[in-house]
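Trainee: Could you take a close look with me at the part of this model around the ligand? I would like one connected walk through the site and what lies around it.

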Amino acid sequence: MAFIPYRPTFVPNDATLLERSRAYYLFLTTRRSVRDFSERPVPREVIEALVMAASTAPSGAHKQPWTFCVVGNPDLKRQIREAAEAEEYRSYTRRMSAEWLEDLAPLGTDWRKPFLETAPWLIIVFRRIYETDSDRKRPNYYVMESVGLAAGFLLTAVHNAGLVALTHTPSPMDFLTKLLNRPANEKPFLLIPIGYPADDATVPDIHRKETDDVLVWY
Ligand code: IYR
């Protein structure tokens, strides 16, 4: 591998360093998980740019062990919704523990997932557990960490664009492998509807942890 000089995009001075850091933090505090989507269309090229932003995430041995499947087809969205709701119904009525349901109660979620049809796009993130190079299996490394980072990059890109997203985790997710016809080396990781928020969208009045609760200096 050739090495090339690292050229910083810009060199901040002491004042802009703090200003930019705080401004970005403030901007991120305005990101929310939204469950009420508008049907307003979002151009395909926008989604492509957001996915490519996600794909800039660091990854184990730079394997980029992810595939972003993008669904806009209404019929496929309906099939995904039906399959997700069937699993979620079983989860909410049988599989989730009393403690789990109690922790979720303030968020007001249930097995119904209308956003899987309302949102113009569903991005299903798959983690690639290995690659097949001329019939030989090659491992990927730190796949969970890598794909988690890419999903995080996607969420901040969506927020920066002025759109909203939801990190949805229907469980189990194997129905996505089947519906999207994915190969054996890919496992579903997250389902992320993306679009504009509905005009009357509401979000729970959550509060984030304070500095002292998340940061320890040594
Ligand atoms: N996957 C279910 C339940 C759920 C679980 C957690 I942890 C959440 O933060 C939110 C929901 C669902 O999507 O409803």
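Mentor: Two helices, α3 (74-95) and α4 (98-104), each supply at least two residues of the shell around the ligand. Please keep in mind that this is a predicted model. The residues around the ligand are Arg35, Glu88, Tyr92, Met96, Trp100, Leu104, Lys113, His168 and Thr169.

Lys113 places a polar side-chain atom 2.5 Å from an oxygen atom of the ligand. For Glu88, a polar side-chain atom lies 3.0 Å from a ligand oxygen atom. Thr169 takes part through its backbone: an N or O atom there lies 2.9 Å from a nitrogen atom of the ligand. As for cover, the ligand has 380 Å² of accessible area on its own, and the protein covers 70% of that.

Is Lys113 buried or exposed? Its relative accessibility is 4%, and the cut-off for buried is under 20%, so Lys113 counts as buried. Not counting residues up to four places away in sequence, Lys113 touches Arg81, Glu85, Glu88, Tyr92 and His168. Of these contacts, Glu88, Tyr92 and His168 are also among the residues around the ligand.

The largest nonpolar core has 25 residues, and the members that touch the most others are Ile47, Phe68, Ile123, Leu154, Ile192 and Ile194. At least two residues each come from α2 (44-54), β1 (66-71), β2 (121-128), α6 (143-161) and β6 (186-195). The helix α6 gives the most to this core, with eight residues. Take Leu154 as an example: leaving aside its neighbours within four places in sequence, Leu154 is in contact with Leu50, Val51, Ala54, Phe68, Ile123, Ile192 and Ile194. Apart from this core lies another, of 19 residues, including Ala84, Ala119, Phe126 and Val164.

Some backbone details are worth checking in your viewer, too. A cis peptide bond joins Ser171 and Pro172, with omega about -5°. Pro172 sits in the loop between β5 (164-165) and α7 (174-179). Tyr142 is not a glycine, yet has a positive phi of about 45°; this tyrosine is in the loop between β4 (136-139) and α6. With a relative accessibility of 60%, Tyr142 counts as exposed. Asn181, also a residue other than glycine, has a positive phi near 60° and is found in the loop between α7 and β6. Asn181 is exposed, at 66% relative accessible area.

Asn13 caps the N-terminal end of α1, with a side-chain oxygen 3.0 Å from the backbone nitrogen of Ala15.

Finally, here is the setting for all of this. The protein has eight helices and six strands, following the pattern α-α-β-α-α-α-β-β-β-α-β-α-β-α along the sequence. Of its 218 residues, 34% count as buried. Among contacts between residues at least 6 apart in sequence, 81% join residues at least 24 apart.

Technical notes:
Residues are numbered from 1 along each chain as its sequence is written. This is a predicted model: local features need pLDDT of at least 70, side-chain atom pairs count only at pLDDT 80 or more; totals for chains, interfaces and linings use all residues. Side-chain values use heavy atoms; hydrogens and water are left out. A nonpolar core is a set of buried Ala, Val, Leu, Ile, Met, Phe, Trp, Tyr and Cys residues joined through side-chain atoms within 4.5 Å. Buried means under 20% relative accessible area, exposed over 50%, partly exposed in between (1.4 Å probe, protein chains only). Helices (H or I, at least four residues) and strands (E, at least two) are DSSP runs, numbered from the N terminus. Contact means heavy atoms within 4.5 Å. A polar contact is a pair of N or O atoms within 3.5 Å; within protein, one must be able to donate a hydrogen and the other to accept it, and residues adjacent in sequence count only if both atoms are side-chain atoms. A residue is near a molecule or strand if one of its heavy atoms lies within 4 Å of it. Accessible areas come from the Shrake-Rupley method with a 1.4 Å probe; for residues, only the protein chains shown count as cover.
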